[in-house]
Amino acid sequence: MNSTSSFTPSEIERYRRLRTLSRELNHRILKTVPREAMLETAKAIGVERDGQLWFDGEDVMSVLMDCCLYDWIDGGRSLVQRYAEAQIREAGTDEDFLLQAYLKAQYRIVRPQAVLPGAGVSVRDALSGEQLFIMDVGLSESGLDDRMHFATRTIPLEAYWMTGGAALPMDAKAEETALRRLSEEQLLVDGVVTDPHKTALRVVRACLECGAARHVRYDDLEAPQPQRSSCQPRRAPRAPGRNEPCPCGSGRKYKKCCGAP
């Protein structure tokens, strides 16, 4: 794959600032995730059994929390939308810009087309056919195989997009399964997504059922990643109690972190 575009050092530096800010912003929004959102979303993506969470790989929690933020809908709004409505922000700041971009995020199945080393990857959206450039320095240097597609949240940042959450690799079986289900449920009609939230949940579920949990890739490869253990299926005891460690990985108790009122 060859380079198809170029970005200035200042543009790449701004991307890095926004990427750092996105981690901080995500952590704040995660504190608003209610317990029922975790359980209902876990059921939708196939990792809930009898009120307990089951993970085929430790990093699936990142996928679950991303879906909670964007695709758990209560009263017609996602948690990201609720958070944005509740905040008083100074217009023109990076945080205001980023949060407005979050409101336009789209979940996609992307097929790599060309790599621009040190910047990101040009891709085609398998759902809409749209061509876009994903800025992700780590991804551009990861030895990407153009035969391996992946599902990920994408956030629009002017001339390019940024990934959000954790990406799920898709082999031919996973992609075929996802596209078939979307078509059967009329969630994808002539290249148009009719319900973006249900579409994201169906795609994630298809990925996990086809074994993608064993190869979750953090979209922010510049950030430290947790040590991965064996990928044998394991059970999370249940949704966290208030005095238990928070599932977001902060090291604090749930009641002092994402479970804080």
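This is a predicted model: local features need pLDDT of at least 70, side-chain atom pairs count only at pLDDT 80 or more; totals for chains, interfaces and linings use all residues.
## Cysteines

C207 is buried, because its relative accessibility is 1%. A disulfide is a covalent bond between the sulfur atoms of two cysteines. The structure holds zero disulfides. For C207, the nearest cysteine sulfur belongs to C210, at 7.5 Å, and C207 takes part in no disulfide. Seen from C210, the closest cysteine sulfur is that of C207, and the 7.5 Å between them is too far for a bond, because a disulfide requires the sulfur atoms to lie within 2.5 Å. C210 itself is partly exposed, with a relative accessible area of 24%, whereas C207 is buried.

D171 is located in the loop between β7 (160–170) and α7. With a relative accessibility of 36%, D171 counts as partly exposed.

## Overall architecture

The protein contains eight helices and eleven strands. Of its 261 residues, 47% are buried. Among contacts between residues at least 6 apart in sequence, 62% join residues at least 24 apart.

## Packing of α1 and α5

Two packed helices are described by the angle between their axes and the distance between the axes. Helix α1 (residues 9–30) and helix α5 (residues 94–102) have axes that come within 10 Å and cross at roughly 70°. The two helices are therefore roughly perpendicular to each other, because angles from 65 to 115 degrees fall in that class.

On the α1 side, the contact is made by R14, R17, L18, L21, S22, L25, N26, R28 and I29, which meet D94, E95, F97, L98, L99 and Y102 of α5. By residue class, the contact of α1 with α5 divides into eight nonpolar, two polar and five charged residues.

## Salt bridges

The count of salt bridges comes to 15. D94 is partly exposed, at 29% relative accessibility.

A second pair links R181 and E209, whose closest N and O atoms are 2.7 Å apart. R181 lies in helix α7 (residues 172–184) and E209 in helix α8 (residues 196–209), so the pair ties together parts that are 28 residues apart in sequence. Both partners are partly exposed: R181 has a relative accessibility of 23%, and E209 has a relative accessible area of 45%. Salt bridges that share partners also join R14, D94 and E158 into one network.

D74 and R82 form a further salt bridge, with the closest N and O atoms 3.4 Å apart. D74 counts as partly exposed at 37% relative accessibility, and R82 likewise counts as partly exposed at 28%.

D125 has its place in strand β4 (residues 120–125). At 3% relative accessibility, D125 counts as buried, because burial is set at under 20% relative accessible area. With neighbours within four places in sequence left aside, the contacts of D125 are R108, I109, E130 and L132.

Most residues other than glycine have a negative phi, and most peptide bonds are trans. D50 has a positive phi of about 55° although it is not a glycine. The residue lies in the loop between β1 (48–49) and β2 (52–55). With a relative accessible area of 80%, D50 is exposed.

Q186 likewise is not a glycine and has a positive phi of about 55°. Q186 is found in the loop between α7 and β8 (188–189). At 57% relative accessibility, Q186 counts as exposed.

Technical notes: Residues are numbered from 1 along each chain as its sequence is written. Side-chain values use heavy atoms; hydrogens and water are left out. Axes are lines fitted to C-alpha atoms, for helices over the stretch in contact, and angles run from 0 to 180 degrees between N-to-C directions. Helices (H or I, at least four residues) and strands (E, at least two) are DSSP runs, numbered from the N terminus. Angles under 35 degrees count as roughly parallel, over 145 as roughly antiparallel, 65 to 115 as roughly perpendicular and the rest as oblique. Contact means heavy atoms within 4.5 Å. Ala, Val, Leu, Ile, Met, Phe, Trp, Tyr, Cys and Pro count as nonpolar, Asp, Glu, Lys and Arg as charged, and the others, Gly among them, as polar. A salt bridge is a side-chain nitrogen of Lys or Arg within 4 Å of a carboxyl oxygen of Asp or Glu. Buried means under 20% relative accessible area, exposed over 50%, partly exposed in between (1.4 Å probe, protein chains only).
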